[in-house]
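Open the structure in your viewer and keep the selection tool ready. We will go stop by stop.

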Amino acid sequence: MSEQDDDGAPVATSLAGFAPVPVSTRLMSGSVVVRSYKERWVGDDSDVLLPDRVHAFVDIDMTAWAASCLTATDALFSPHMAGAIAALDPDCAAALAGLREQFATLIAGTLTAVLLAPGEAPAVESARALFRRSLLERLGAAYASRAGDAGPVLVCPPSPVVRDGRAVTASAPGSVAEALLWDCVVTVATSQAAQDELLLSVIAKDLPAAPADLATATCVVAPPPSATLLDALARMAFEHPQVWPHLAKILKGGDPIVARAALQRLTALIGEVARTWPEWFEGAPPAAEGAGPAPAVEQAGWSYLVDFSQLPVLRLTRLPVAGGALPPWPAIAGFVTPSEKGQATDRYQAEASAPFAAEAPLTFIWAGLPLLWAPAVQVAASARRNANLVPPGAPDGTLVDPAFVYRTPPVLGAAIRPFADLPSSLFKVGAGAATLSEAMDDLLASLLAGPTLAGLALRDVRIDLDISYNVALGAEETPLDSGVPIFRTRETLASSPAGSDGTVAVAAFRRDMVEALVAWRAAARPEDSRAALCFAIGLSTAGPESPFPLVRLGRVEIKVPMAQGDWWQ
């Protein structure tokens, strides 16, 4: 909130809409030289366990570290402790008072407007003065969320967990085309605070060779040539729990020599934090990679943004793929999937029969994926915080200052590979075909055709065919098949737009099959009453790596018309 001064300039009367910039919006890691101490002190250098050692800190929320340091500083100014410190070491007491003033000034200087609205000039200077006065009363409240304030949460969100990925294939498909469709199901557990969003990406192309590297990616900071705020906060976090108890004992009649040594070390630790603070903020604090609405990973086929600001309603945005097309809406267990109207953003309402459970993991289902277009899928997830704070009705172009936007490294789930194994199901193709060539066209079309989905492309595929000639013997009600093997073949079909070396064009493969079957029929002259060509078909991925089986169809039949020799062409 703001008013105007005598000159018409805005003057802040509250801190609503303002917040201090986080120390870092990504988790930090690094190696820092720290000190350990003996459990019992005498108040001199012998209290230290030498040598100092290098300690590795991993995935640290530096803003949380800073808040702990400020809270520890506040503890030195509690009524009883402040008096004890002044009596124990007046110089340290004066130094700590100066450090508290310095912290208040430094942190207040990072206060800024959370929203960037075109043409608006927020009263940041008067807000900083107001914030500084509040910090002098309590430093530890600097990064805390204020009651009733819908502002940013200045804590790194936890990384999502991608689990329970599975492929669901048709159990009783009515056609070959249905047999080649599958559902990808995956569960994602993620933070669902009102300031949080989930970035979700579906990768349905060549999968990375080492997904574990991506799943554990984090920011690793090399040991700096000189001390930084990371070093100072790390030492404070590591040493304060060892040093503080020796100072606190002064309130219960503890040894003043020991307490003075502890006080001097704490003053030095706090002073190092204050000394390194300005340089850290002079350069931009480490920001979240790709804070905008980008895919969780670059190689994504489909990407989505799930907004939790309106729970129990989920607000989901589909990010366009190449060419501007939108990926399909996923189903989310317990929610109603919106109708397809070409909209990029829509709402998922909780089903009446499935009451919404806060923070419950979300199960996503991508139904009807074509096996040859999506022979394997991985789902990547990343959490983003504070980017959704722009309120309805804000001026066009209003954005959250990127300094407040957190984004976790992407977490990549395990590869999900479907396999449709239908050795006994009977499928009939080529009904009504005037020739064998037309029947083979129908067979290959049922295998290689599929639904058109944005961002997916047909791939080369390895096909294994075991062809036999079956004649139904015996009564019509209880036929007895008599199968005569014809031949087996294996080829890699160039079903992608640019087939790779060693592949065969689909048209050439069909021609070769027809010619081979016509030649066999001319030589064998089989009975054509109640006869059928029977195909056992296997489809597998094609590529430099070991092929993965996709489909096994044991009984695909083309009925042979009786006494129609011209059909065999």
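**Stop 1: an aromatic cluster**

Select Tyr469, Trp520, Trp567 and Trp568. These four form one aromatic cluster. Keep in mind that the model is a predicted one.

**Stop 2: rings that pair**

How many aromatic pairs does a search of the whole structure find? The count is 10. Now select one of them, Phe103 with Trp277. The ring centres lie 5.9 Å apart, with 75 degrees between the planes, and the pair is edge-to-face. Color the helices next. Phe103 belongs to helix α3 (residues 90-108), and Trp277 belongs to helix α8 (residues 256-282). The two residues are 174 residues apart, so this pair links distant parts of the chain.Is Phe103 buried or exposed? Phe103 has 0% relative accessibility, so it counts as buried. Trp277 is buried too, with a relative accessible area of 1%.

Trp277 and Phe281 are 4 residues apart in helix α8, which means about one helical turn separates them. Both residues are buried.

**Stop 3: charges over rings**

Select Arg318 and Trp329. The charged end of Arg318 sits over the ring of Trp329, 3.9 Å from its centre. Then select Arg417 and Phe548. Here the charged end of Arg417 sits over the ring of Phe548, 3.7 Å from its centre.

**Stop 4: the nonpolar cores**

Which residues have the most contacts inside the largest nonpolar core? Select Phe364, Trp366, Leu447, Leu533, Phe535, Ile537 and Leu553. That core has 79 residues. Helix α9 (residues 436-448) gives the most to this core, with 7 residues.

Zoom in on Phe364. Beyond its neighbours within four places in sequence, Phe364 contacts several residues, including Cys184, Val186, Leu198, Val306 and Ile332.

A second, separate core has 73 residues. Select Val48, Ala113, Val114 and Phe281, which are among them.

**Stop 5: a loop residue**

Finish at Pro158. Look for the loop between α4 (124-137) and β8 (161-169). Pro158 has 48% relative accessibility, so it counts as partly exposed. What does Pro158 touch, not counting residues up to four places away in sequence? Select Ser191, Ala383 and Thr408. Pro158 and Thr190 are 32 residues apart along the chain, and their C-alpha atoms are separated by 7.3 Å.

How values were computed. Residues numbered from 1 in each chain as written. Predicted model: local features only at pLDDT ≥ 70, side-chain atom pairs only at ≥ 80, totals over all residues. Heavy atoms only, no water. Buried < 20%, exposed > 50% of the residue type's maximum accessible area, 1.4 Å probe, protein only. Contact = heavy atoms within 4.5 Å. Core = buried A, V, L, I, M, F, W, Y, C linked by side-chain atoms within 4.5 Å. Phe/Tyr/Trp six-rings, centres within 6.5 Å; stacked < 30°, edge-to-face > 60°. Lys NZ or Arg CZ within 6 Å of the ring centre and 35° of its normal.
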